[in-house]
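Have the sequence and the model open side by side as you read.

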Amino acid sequence: CLPRLTANNAMEGASLRLEEGTPGDEESKASKKQRKDEQRRRTRARQAFLLIFLVAILVVSKLAAPAPASKQVPGDASRHGALQHEEGRGAPAWHSQRPSNWTSSSGGRPKVTDAAGAFSRWVDAGSFAAASGGGEREGSAAAHGPAEAALDAKCYGEDGAEYDGAGVAMWGKDNIQPDSAACCASCRTHSAAHPGRSGCAVWVFCASAAGCGGPKRGECWGKTRSQSLLPVVRSRGQGWVSGALLSDAEAAEVAAARAAGEAERAARRTRPTNPRVFLDVSISGGAASRMEFVLYATEAPRAAENFRAMCTGEKGGKLTFSGMRFYRIIDQFIDQAGVNGVGSIWGSSFDDDPGGLALRHDRAGLLSAANSGPDSNSGHFSVVVSPAPHLDGSYTIFGEVVAGHDTMMAINKLSAKESATGTAVVAAAGCLAACEPRPSVGPRCARRTAEESVVQGRKMHKCAE
């Protein structure tokens, strides 16, 4: 295009000069000036088009250039490759997604508690000194480049925890290590070689001699860092040892955040106004064992009151959990139950509780209202048996298991193929404390804010009750 446009422009220039130098031109001076101005305008328009065309080529070439990034995680590659494995995509009702499975038993490690008090530096056969690259460097991370900053990070680890990350930086089957210290060292080496968000920031080591479900003993997974500095714990006590590359200052920040979070959870759990209820569950016809729950009456008054009243059966008829069964059990995800043929104690479905929607599915044992969309809660619920962050903002959390976690997991084992014919039926249900009815709680939000808000990614008009 460039030579052709340049040649055309040159020809036009020559024509103008020829016209200007031709004697005997009978056109008026005004007509000549008009034609000359028009030709100049066209020339400038062509030149502008050429400039825009060249700039567009440069922009497109920049956008097409490959950018360094961590491996995208295939949905079913492995336990750590599937950060959010979905089951029943597109299903209109209930909890339709699940994370990958948990894994095996705890693998203890001798440890030395660090000054921050949040994590432990793991001391294995290779020793922590080997994990930290033969000794700590002097000076702060800020004084070095990205590679040196990665090597300055300490190996802060946590036994019996499985951490999540934004993506996979190192695949465990290709990175077998003898112990957790060596796993952390490999993460640090990878981080130094891949500065930025594509480098390893979180490591997960399979410490169980029996393996960790699919992954085998010694597999060391490296993950890239998520948005938050605070590591996301997917599960606990399942044979994994996890850690994050953190400076002492970062570890102290994480410790403070964790302490604040636990204090908030403890305050919510121990409110004297929270009803305490129970379900006695018979598994495959055996003797009933009990699960006890506290209900978050402050954060989720509607869901809590409906659950409390259905435990006591005070409304009569089918409005009772006694005799119901857990009809949907998904391995290491949920135990789901509910009474078919009824809506709620108010007759129809009831609205979401914004306070419950704001809570996170970040640990096992939480009670989560099942629904088929916004403001469609009923007498159906799930007991979440592992962290499920992909449910946040869509399902109201309204309580938690405070006793009988073994019963919760025994129900969940019915999802295994060898136990596919087993059943979990509620033999009895009732209330133990703070059992008085709350007639002021109704199925609908009486007053909503005029402005639209976002609760964990979901637009809604918050209740202003």
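This is a predicted model: local features need pLDDT of at least 70, side-chain atom pairs count only at pLDDT 80 or more; totals for chains, interfaces and linings use all residues.

Residues are numbered from 1 along each chain as its sequence is written, and side-chain values use heavy atoms, with hydrogens and water left out.

How many disulfides are there? Taking a disulfide as a pair of cysteine sulfur atoms within 2.5 Å, the count is 4. One of them joins Cys-187 to Cys-200, with an S to S distance of 2.0 Å. This pair links distant parts of the chain: Cys-187 sits in helix H5 (residues 180–193) and Cys-200, 13 residues apart from it, in the loop between H5 and strand E5 (202–206). Helices (H or I, at least four residues) and strands (E, at least two) are DSSP runs, numbered from the N terminus. The torsion about this S-S bond is about -100°, so the disulfide is left-handed. Both Cys-187 and Cys-200 are buried, where buried means under 20% relative accessible area, exposed over 50%, and partly exposed in between (1.4 Å probe, protein chains only).

Cys-206 pairs with Cys-212, S to S 2.1 Å. Here the torsion is about 100°, so this disulfide is right-handed. Cys-206 and Cys-212 are buried.

Next come Cys-431 and Cys-435, whose sulfur atoms lie 2.2 Å apart in a disulfide. With a torsion of about -95°, the disulfide is left-handed. Cys-431 is buried at 19% relative accessible area, whereas Cys-435, at 26%, counts as partly exposed. Cys-311 is in no disulfide; the nearest cysteine sulfur, that of Cys-431, is 7.5 Å away. Cys-311 counts as buried because its relative accessibility is 1%.
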